[in-house]
Amino acid sequence: MERSNWCTYPMPHGPLTIAADDRGLTALAFGAVPLPGRNAPSALTNQAATEIQEYFAGKRRFFDVRLSLRGSAFQRAVWTEVCSIPYGEERTCEQLARLIGKPGSHRSVGTAVKSCPLPLIVPTHRVVGKNREPFGHDKSAQVKRGLLAFEQKTAQGS
C-alpha cells in the first residue's frame, strides 16, 4: 500500500493543499483542505510547492514534479494533452477532442478536464469553452481566468 501525504502551503494568492504518494503528486486543492492520507509534508509536496512559487514569480512555465494521476485511460489521455498546451495559450474542448483522436467527444473532454485532481500542475485553466471563457460560473472560473491572464501577461513580458 502506498503512503499518501498532504500539506497546506502558503502561496501569494492564498493557501494550496498538495498531496502525493510514493509515485508522484495525486491532488492539489485551492485553500486549506484536508485530503486523504497523513498531514505531513514530503519531498514531492515540497518540490511541488517550490515549483508553484516559481510559477507565480514568473520564473517557471511548466512543472517538473512527478505525477501520479489516477483516472480512466480517456481521462489520462485528456490530461496528457492538456499538459501540452503552451504557456499562456488556450484550447477548447472541441480542439482537445480532435487532438486525442476522439472528435465529437468534446463534452466528455470537458468532464475529464473538470475532474482533474491536479489543477494548475495540469494546466486545466488553459481549457476554455466555445465562448473562449473558462468553465464554470463560480469562483473556480474566476481563478482559471486569473491564471490564464497572468500567463498571457507574463508571456508578453518575455
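**Entry 1: β1 and β4**

I began at W6 and looked for its partner in β4, which is N39. This is a predicted model, and I read it as such. Next I checked how β1 and β4 run. They are parallel, and 2 bridges join them. I noted that β4 covers residues 38–39.

**Entry 2: β1 and β2**

I then turned to the other neighbour, β2. I placed β1 at residues 4–9 and β2 at residues 16–21. This pair is antiparallel and has 6 bridges. I picked out T8 and found T17 of β2 opposite. I followed the chain from β1 to β2 and saw a hairpin, with 6 residues between the two strands. In that turn I stopped at G14, where phi is positive, about 120°.

**Entry 3: β2 and β3**

Which residue in β3 is the bridge partner of A20? I found L25. I counted 5 bridges between β2 and β3, and the sense is antiparallel.

**Entry 4: the whole sheet**

I put the pairs together. The sheet is open and has 4 strands, in the order β3-β2-β1-β4. I wrote down the pairing as mixed. Which strands are at the edges? They are β3 and β4, since each of them pairs on one side only.

I also looked for a helix against these strands. Helix α1, residues 43–56, lies across β1, β2 and β3. I noted an angle of about 140° between α1 and β2.

**Entry 5: T26**

Is T26 buried or exposed? The relative accessible area of T26 is 15%. Buried means under 20%, so T26 counts as buried. I then listed what T26 touches, leaving out residues up to four places away in sequence. Among the contacts are A19, A20 and D21. I also found S68, R70, P117 and L118 in contact with T26.

**Entry 6: L120**

My last stop was L120. I located L120 in the loop between α4 (106–114) and β6 (127–128). I checked phi of L120 and got a positive value, near 80°. I marked this down, as L120 is not a glycine. In general, most residues other than glycine have a negative phi. Then I looked up accessibility. L120 has 2% relative accessibility, so L120 is buried.

How values were computed: Residues are numbered from 1 along each chain as its sequence is written. This is a predicted model: local features need pLDDT of at least 70, side-chain atom pairs count only at pLDDT 80 or more; totals for chains, interfaces and linings use all residues. Side-chain values use heavy atoms; hydrogens and water are left out. Buried means under 20% relative accessible area, exposed over 50%, partly exposed in between (1.4 Å probe, protein chains only). Contact means heavy atoms within 4.5 Å. Two strands pair if DSSP finds at least two bridges between them. Axes are lines fitted to C-alpha atoms, for helices over the stretch in contact, and angles run from 0 to 180 degrees between N-to-C directions.
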